[in-house]
Amino acid sequence: MQQQNNRWFILLVAFLFASATATAQSGSINAFSPYTMYGIGEVNTPGSVAQRSMGGVGVAARQTGMINLLNPAANSLVQRKSFLVNFAGEGQNYYNKQTVGGQEKKAAHNSFSIRDIAVLMPLHKNLGLSVSVTPYSSVGYKMMYDHTYDENDPVWGNVGRVNYQYQGEGDLTEVKLAVGYQLFKNFSVGAAVQYYWGTIDRTFVMVPVSIVGNSNFGSITGDSEYSVSRFKAQLGAQWTALLTEKRILTFGAVYDFGGDLDPNISHVIKTDDLYETTVSTDADYIAVALPRRLSLGAYYQTAKWALGLDYDYNGWAGSNKKREMTGVDGATGGQMEVAYRDTHTLKAGVEFTPARYDVRRFFNRWSYRAGIRYGSYHQTYDGHELNELAVTAGLGVPFKFLGMSGVDVAFEYGMRGFNVAKSVGLVRQDYFKFSVGFRLFASGTENNEYWFMRPKYD
């Protein structure tokens with residue numbers, strides 16, 4: 001028994017080491033959006049590859065052989081004498097478009113990074129433990145802006161045209177330790193501790209450009225670095241209201257407490273002279289908080305079908321009162337005020353498996369998934385909300401008959417800001433995401449899957 005416990009411990013340590021290494025090696029620019037210039041950037045859609053291929057639903061999902069990253073209560077379904085590992089990678093393609101001064105400007109960016117790493121193991125009967133490492137938010141942008149001509153502006157009169165360059169990159173990563181327990185028949189509860197860490201770098205460069213002659217002027221560079229290291233907590237519950245041989249109906253709820261991130265921020269301003277003189281340096285804390293979050297969901301399953309519906313509420317406005325002004329003029333003229341808003345998101349997804357136990361036809365054992373997600377971005381620009389819409393699709397392919405190990409594939413096409421891009425002049429974003437995830441299930445008693453077990457005979 002002691003030897004078996006040591007194996008679990010070694011696997012867990014190896015998992016954490018691999019997770020940290022993979023996170024450190026992933027590219028910094030995992031988003032490409034001017035809307036990530038403020039705060040913690042673009043918040044990634046949570047969930048495993050299978051869940052994201054169904055629009056991101058899963059608060060009420062209870063499926064053997066899958067790790068539910070959305071609700072810790074689902075860990076109570078873990079099988080005894082088993083071990084489950086999930087890991088996935090994701091590629092992203094961003095396309096930004098904006099109309100400024102009657103001209104349409106476009107930009108594109110591609111990236112690939114490690115997306116999810118998670119393990120699930122039993123602690124006791126109806127008691128499961130999971131550990132996961134996932135990206136929480138991403139910052140990535142690179143913009144250029146020429147100061148508008150003004151005959152009364154002393155900069156234009158004495159120096160000439162001024163070019164401004166803005167660039168930022170970085171991520172926040174979430175490490176979650178979650179336990180789930182079946183409190184009584186058909187009702188499970190769960191709790192999780194989440195740790196957030198990461199660094200976000202933002203750079204500002206001002207370059208004066210002479211109108212005539214060969215005059216040279218030193219540029220000014222400003223660097224801001226946000227460093228985050230913070231804990232928070234999460235509670236979850238699942239109730240199976242209908243459980244028969246043919247149908248299962250489960251309801252779920254998750255509450256995130258949120259809390260202040262209190263990132264340490266350092267500012268450095270330098271001039272590009274012969275000595276790269278530091279003009280100013282400062283370090284302080286700014287008020288940035290993760291929102292209180294409430295998620296509700298329902299999940300219905302039969303032998304062939306699975307249908308899910310989730311609702312998410314995120315209280316960004318109540319947690320973040322600070323407002324900022326954009327560093328450049330908007331397309332309609334003048335700076336724009338950036339503020340936080342509460343968000344409401346609806347998710348719906350479906351999964352179809354023609355014949356899970358078909359011995360002859362391999363494709364009948366595949367799971368075919370699709371979903372949709374609609375909501376809004378957590379920031380406003382001069383009071384204008386940015387709507388978000390995403391449609392998803394995916395596949396689940398088992399490695400062998402009656403096995404729980406397999407590969408999941410997800411596709412996502414999304415849009416952001418399409419409701420105000422033309423009327424206000426903000427950026428419209430279109431993006432494509434492609435994810436591949438692997439499920440490795442080990443059990444000494446079922447399905448004959450021995451991924452992590454040492455053979456007794458050579």
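This is a predicted model: local features need pLDDT of at least 70, side-chain atom pairs count only at pLDDT 80 or more; totals for chains, interfaces and linings use all residues.
The structure holds 18 salt bridges. Three of them are listed below, with the distance between nitrogen and oxygen.

| Residue pair | N to O distance |
|---|---|
| K232 and D256 | 2.7 Å |
| D430 and R428 | 3.0 Å |
| D312 and R293 | 3.6 Å |

The side chains of K232 and D256 meet in a salt bridge. This pair links distant parts of the chain, as K232 is in strand 7 (residues 220-243) and D256 is in strand 8 (residues 248-256), 24 residues apart. K232 has a relative accessible area of 9% and is therefore buried. D256 is also buried, with a relative accessible area of 4%.

D312 and R293 form a salt bridge through their side chains. D312 belongs to strand 14 (residues 305-315) and R293 to strand 13 (residues 292-301), so the pair ties together parts that are 19 residues apart in sequence. Both D312 and R293 are buried.

These two pairs also belong to a network of salt bridges, in which K232, D256, R293, D312 and K347 are linked.

In the salt bridge between D430 and R428, D430 is buried at a relative accessible area of 12%, while R428 is partly exposed at 23%.

Turning to the strand residue, A108 is placed in strand 3 (residues 103-124). Leaving aside neighbours within four places in sequence, A108 is in contact with F32, Y94 and Y95. Y94 is 14 residues from A108 along the chain, and the C-alpha atoms of the two are separated by 5.4 Å.

Conventions
Residues are numbered from 1 along each chain as its sequence is written. Side-chain values use heavy atoms; hydrogens and water are left out. Helices (H or I, at least four residues) and strands (E, at least two) are DSSP runs, numbered from the N terminus. Contact means heavy atoms within 4.5 Å. A salt bridge is a side-chain nitrogen of Lys or Arg within 4 Å of a carboxyl oxygen of Asp or Glu. Buried means under 20% relative accessible area, exposed over 50%, partly exposed in between (1.4 Å probe, protein chains only).
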